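Please keep the sequence and the structure at hand while reading.

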Amino acid sequence: FAASSYSGSSNVSNIKIEEAGWIKLEDQLKHEKSRQAFVAIWFDSSMDDPYTAIESACFKNEYKALRIDSKEHNNEISGEILAEIRKSRFVISEVTGQRHGVYFEAGYALGLGIPVIWCCKKDELKNVHFDTRQYNHVVWDTPDDLLKKMTNRIKGSIL
C-alpha cells in the first residue's frame, strides 16, 4: 500500500492505493468468498471415517472439503498445501494423532487470518499441544458425533 501525500490528518482523501496494494487486498479477501474447506488431518486409515464425517458436515453447509492427498498434481506437496490453504474459506484442523503437519497447517491459516476449526477425538484431548489448548475444540466420540458437532460448528462460526 502506498500512501501519497498523507499528512496524518483526519482527511483521508489523499491516500492512494496503488496496483500492488489492490492485488494484496484481493489476495487477502479471496478466501472469504471461497466455498472450499481445507482439512488438515492424519493420513491414517483410522481417520477415514472421521474424514468422511467432516466432508459430510462441510457438504451440508455448502462447502467442499479438500484433503490434500485427494488432489492430483505434479508439484511438491508443501507448496500445494500452502496454496490450497490460501484458497480456502476456513481450515479444519483434526489433531487426533498429534501430527506436526496438522498443527503447522493450522498455524499457517491463522497467520493468514483464515478461520480454523479445531477438533479432536475425546480420548486424545489430553494430548493436544499446549499452544492450541486455549482454542475451543470440537470434541467427538464417534464419526456420527463428529458429523453432528462439525455441522453445527461450521453453521455457527463460519456461515
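A disulfide is counted when two cysteine sulfur atoms lie within 2.5 Å of each other. By this rule the count comes to zero disulfides. The model is a predicted one, and the points below are grouped by topic.

**Cysteines**

- The cysteine sulfur closest to that of Cys 58 belongs to Cys 119 and is 9.9 Å away, which is too far for a bond.
- For Cys 119, the closest cysteine sulfur is that of Cys 120, at 7.7 Å, again too far for a bond.
- Cys 58 counts as buried because its relative accessibility is 0%.
- Cys 119 also has a relative accessibility of 0% and therefore counts as buried.

- Strand E3 spans residues 90-94 and is mostly covered, with five of its five residues buried.
- Phe 90, Ile 92 and Glu 94 point one way from E3, while Val 91 and Ser 93 point the other way. The residues on both sides are buried.
- Strand E1, residues 36-40, pairs with E3 in the parallel sense over four bridges. In this pairing Ala 37 stands opposite Phe 90 of E3.
- E3 also pairs with strand E4, residues 116-121, in the parallel sense and over four bridges. Here Ile 92 stands opposite Ile 117 of E4.
- Between E3 and E4 the chain passes through helix H4, residues 100-112, and this β-α-β crossover is right-handed.

**Strand E4 and strand E5**

- E4 is largely enclosed by the rest of the structure, because five of its six residues are buried.
- E4 pairs with E5 in the parallel sense, and this pairing has four bridges.
- Lys 121 has Trp 140 in E5 as its bridge partner.

**Glu 124**

- Glu 124 is in the loop that runs between E4 and strand E5 (137-140).
- The residue is buried yet has no salt bridge. What is the nearest side chain of opposite charge to Glu 124? That side chain is Lys 126, 7.2 Å away.
- A salt bridge would need a side-chain nitrogen of Lys or Arg within 4 Å of a carboxyl oxygen of Asp or Glu.
- Not counting residues up to four places away in sequence, Glu 124 touches Thr 96, Gly 97 and Gln 98.

**Leu 159**

- Leu 159 is located in the segment after helix H5 (143-157).
- Is Leu 159 buried or exposed? Leu 159 counts as exposed because its relative accessibility is 55%; the cut-off for exposed is over 50%.
- Leu 159 and Asn 61 are 98 residues apart in sequence, and their C-alpha atoms are 8.0 Å apart in space.
- With neighbours within four places in sequence left aside, Leu 159 is in contact with Asn 61, Tyr 63 and Ile 154.

Note on methods: Residues are numbered from 1 along each chain as its sequence is written. This is a predicted model: local features need pLDDT of at least 70, side-chain atom pairs count only at pLDDT 80 or more; totals for chains, interfaces and linings use all residues. Side-chain values use heavy atoms; hydrogens and water are left out. Buried means under 20% relative accessible area, exposed over 50%, partly exposed in between (1.4 Å probe, protein chains only). Helices (H or I, at least four residues) and strands (E, at least two) are DSSP runs, numbered from the N terminus. Two strands pair if DSSP finds at least two bridges between them. A crossover is right-handed if, with the strands pointing away from the viewer, the path from the first strand over the helix to the second runs clockwise. Lys and Arg count as positive and Asp and Glu as negative; His and the chain ends are not counted. Contact means heavy atoms within 4.5 Å.
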